[in-house]
Amino acid sequence: MKLFVFYHDDVDTGTRRIVPRNYLQSCVIELEKVCDREFVIEYLSSVPGMTDIDYKGGEEIVLKDWIRRVRAFAGQRGLSLDRTHRYLLVTGDKLSESILGVTYAGHYAVIASLYSYQVIAHELGHSFGATHEDAELQYNAFGLVCETYVFPDRQVSRANCYQYSLKNRQNIAAFLGAVD
Ligand SMILES: [Zn+2]
């Protein structure tokens, strides 16, 4: 598994330092466990044509634009676009008032903001076949109601579970099970 993390130019250096630990680690550990393979993560910054993309133009248009750029990037470098490769653009801000990130189900191109801790895990989950329908509310270790990563209706009054639901873990395993 290979994950390319592109930091948008608007993500400052201090924030880049905490992204691996605070936004990525717990979901990557879980994904590795679920699919029983290791993730190799490559972080990229200041890549002209990639990290300077205007992501405020409406999520559908922006995602299509990102896909086009990812295809060019992968093509130039002979990189695969199969389901073991993900190209994640990390943005400092939301895409719009209500849109925190975007991808297509099972797609290699993903955009996620750092607006809250679970956005990257949420969108990566979609990109590996996780669905809103199979997300759920749970109780965390402190007895508080929490949202699993792909829960659609984020409410600040609820905690993050920092994990995928069992059903979504099965969805992800099934999605990646088709790969050698
Ligand atoms: Zn979603």
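The zinc ion is held by three histidines, H122, H126 and H132, each through NE2, at 2.0 to 2.1 Å; donors here are N, O and S atoms within 2.8 Å of the metal (3.2 Å for Na, K and Ca), and since water is not among the atoms, sites may look incomplete. This is a predicted model, in which local features need pLDDT of at least 70 and side-chain atom pairs count only at pLDDT 80 or more, while totals for chains, interfaces and linings use all residues. Residues are numbered from 1 along each chain as its sequence is written, and side-chain values use heavy atoms, with hydrogens and water left out.

Along the sequence the donor residues follow the spacing H-x3-H-x5-H. H126 has a relative accessible area of 14% and is therefore buried, whereas H132, at 33%, is partly exposed. Buried means under 20% relative accessible area, exposed over 50%, and partly exposed in between, with a 1.4 Å probe and protein chains only.

The largest nonpolar core has 33 residues, and I120, F128 and Y164 have the most contacts inside it. Such a core is a set of buried Ala, Val, Leu, Ile, Met, Phe, Trp, Tyr and Cys residues joined through side-chain atoms within 4.5 Å. Two or more residues each come from β1 (2-7), α1 (13-35), β3 (85-91), β5 (109-113), α3 (119-127) and α4 (166-177). Helices (H or I, at least four residues) and strands (E, at least two) are DSSP runs numbered from the N terminus. The largest share, eight residues, is given by α1.

Beyond its neighbours within four places in sequence, F128 is in contact (heavy atoms within 4.5 Å) with M1, L31, F39, R83, R86, N171, I172, F175 and L176. A second, separate core has 22 residues, L44, Y55, V62 and L89 among them.

The helices α1 and α4 also meet directly. Their axes, which are lines fitted to C-alpha atoms over the stretch in contact, with angles from 0 to 180 degrees between N-to-C directions, come within 9 Å and cross at roughly 60°. The pair is therefore oblique: angles under 35 degrees count as roughly parallel, over 145 as roughly antiparallel, 65 to 115 as roughly perpendicular, and the rest as oblique.

Finally, T148 is placed in the loop between β7 (145-147) and β8 (159-160). With 2% relative accessibility, T148 is buried. Leaving out residues up to four places away in sequence, T148 touches A135, E136, Q138, C161, Q163, Y164 and S165.
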